[in-house]
Amino acid sequence: MLYTTISIIAGYILDLLFGDPYFIPHPVVAAGRFITFCTDRLLNENDTPARKRRNGFIMVIAVLFLSAFIPYCILYTAYSLSIFAGIFIESIMCWQILAAKSLRTESTKVQAALENNDIKSARTYVSMIVGRDTQKLGAEGITKAAVETVAENSSDGVIAPLFYMLFGGAVCGFLYKGVNTMDSMAGYKNDKYIDFGRAAAKLDDIANFIPARISAFLMVISAFILGFDAKNAWKIFIRDRYKSTSPNSGQTEAACAGALGIELLGDAYYFGKLVKKPSVGNAMRSIEPYDIHNANNLMYCMTFIMVMLVVIIRLCFYIIAL
């Protein structure tokens, strides 16, 4: 338990310093390729809805098994060789699981392009971090999309992985990433994936239920620490958290909108179709590119608090177990 706690701290520091380790093969990329492999072989659009749901469930089981089994085997071997080898490998894994620095880096590209009035580049950059259609978005729409993805991924990309690493280190962290990756690739409610991706989408909703709410609370606390409107963040969180089509993403989006005094969400295009969405927050002022920076600051503060909580809880259990 102590070694895993050290690895979580090391992984957090490495992510702060370097972001995604592009020079190391990323397990999430491998998971994505395996999900594509499963989709190509298990999804037949001529199948009945029941058969699609069954095959989607088979994919979920396969991805969950490999997401946990492979990291477990690697860590078991590493720790069997030496404690230092185990800590080193698990630290690298924890680093790969967290995405705070990369989220900030990619969203800041959008902010920089907007501040330079380069709408074309801003659309390109934001298209890399959101799932909606971005070709027709103006500056305000691009900014909203970037702020929303930082708010949502504060939970999905940072707090939720830390929550699961609390219980099982890198193995549970990768298990969660497998669930999240499946949902991002197959959890769509369009004609192709509505049945095949149902198990993945439902599992992602379950896996994120507690972390999303923890994330929202941490965002309100972070708003207070950083001098944003914490009172309004709590008010909008309570009022608007279930307005999103997702039971989880709306938690942090509402808290973020309240903290910054802006309006988020609203109608958006996905795969060429308009999806009607209610707005969250009150437009106390117009959204501006610098709000991307503000959202990232909230995310970083949330991450620090969560890491401290994880470390303290794990150390308490370690001391009790002695």
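**Notes on a predicted model**

Mentor: Start with alanine 145: apart from its neighbours within four places in sequence, alanine 145 is in contact with Val126, Val130 and Arg132. Keep in mind that this is a predicted model.

Trainee: Which helix is alanine 145 in?

Mentor: Alanine 145 belongs to helix H7.

Trainee: And is alanine 145 buried or exposed?

Mentor: Buried, because its relative accessible area is 1% and the cut-off for buried is under 20%.

Trainee: How far is alanine 145 from arginine 123, in sequence and in space?

Mentor: The two are 22 residues apart in sequence, and their C-alpha atoms are 10.0 Å apart.

Trainee: Staying with H7, at what angle does it pack with H10?

Mentor: Helix H7, residues 139-186, packs with helix H10, residues 249-260, at about 125 degrees, and the axes are 8 Å apart. That angle makes H7 oblique to H10, because angles over 145 would count as roughly antiparallel and 65 to 115 as roughly perpendicular.

Trainee: Which residues make the contact?

Mentor: From H7, Val147, Glu148, Ala151, Glu152 and Ser155; from H10, Ser249, Thr252, Glu253, Cys256 and Leu260.

Trainee: How do the residues of that contact divide into nonpolar, polar and charged?

Mentor: The contact of H7 with H10 has 4 nonpolar, 3 polar and 3 charged residues.

Trainee: Left-handed or right-handed crossing?

Mentor: H7 and H10 cross in a right-handed sense.

Trainee: New topic. Where is glutamine 111?

Mentor: Glutamine 111 sits in helix H5, which covers residues 100-115.

Trainee: What is glutamine 111 in contact with, leaving aside neighbours within four places in sequence?

Mentor: With Pro289, Tyr290, Ile292 and His293. For histidine 293, the backbone nitrogen is 3.3 Å from a polar atom of the glutamine 111 side chain.

Trainee: Why is glutamine 111 called buried?

Mentor: Because glutamine 111 has a relative accessible area of 8%, and buried means under 20%.

Trainee: Last one. What is the phi of asparagine 117?

Mentor: Positive, about 60 degrees, although asparagine 117 is not a glycine. Most residues other than glycine have a negative phi.

Trainee: Where is asparagine 117 found?

Mentor: In the loop between H5 and helix H6, with H6 spanning 119-127.

Trainee: Buried or exposed, for asparagine 117?

Mentor: Exposed, because its relative accessible area is 68% and exposed means over 50%.

Definitions and conventions: Residues numbered from 1 in each chain as written. Predicted model: local features only at pLDDT ≥ 70, side-chain atom pairs only at ≥ 80, totals over all residues. Heavy atoms only, no water. Helix = DSSP H or I, 4+ residues; strand = E, 2+ residues; numbered from the N terminus. Buried < 20%, exposed > 50% of the residue type's maximum accessible area, 1.4 Å probe, protein only. Polar contact = N/O pair within 3.5 Å; in protein donor to acceptor, adjacent residues only side chain to side chain. Contact = heavy atoms within 4.5 Å. Axes fitted to C-alpha atoms, helices over the stretch in contact; angles between N-to-C directions. Parallel < 35°, antiparallel > 145°, perpendicular 65-115°, else oblique. Left-handed = near helix turned anticlockwise from the far one by under 90°. Nonpolar A, V, L, I, M, F, W, Y, C, P; charged D, E, K, R; others polar.
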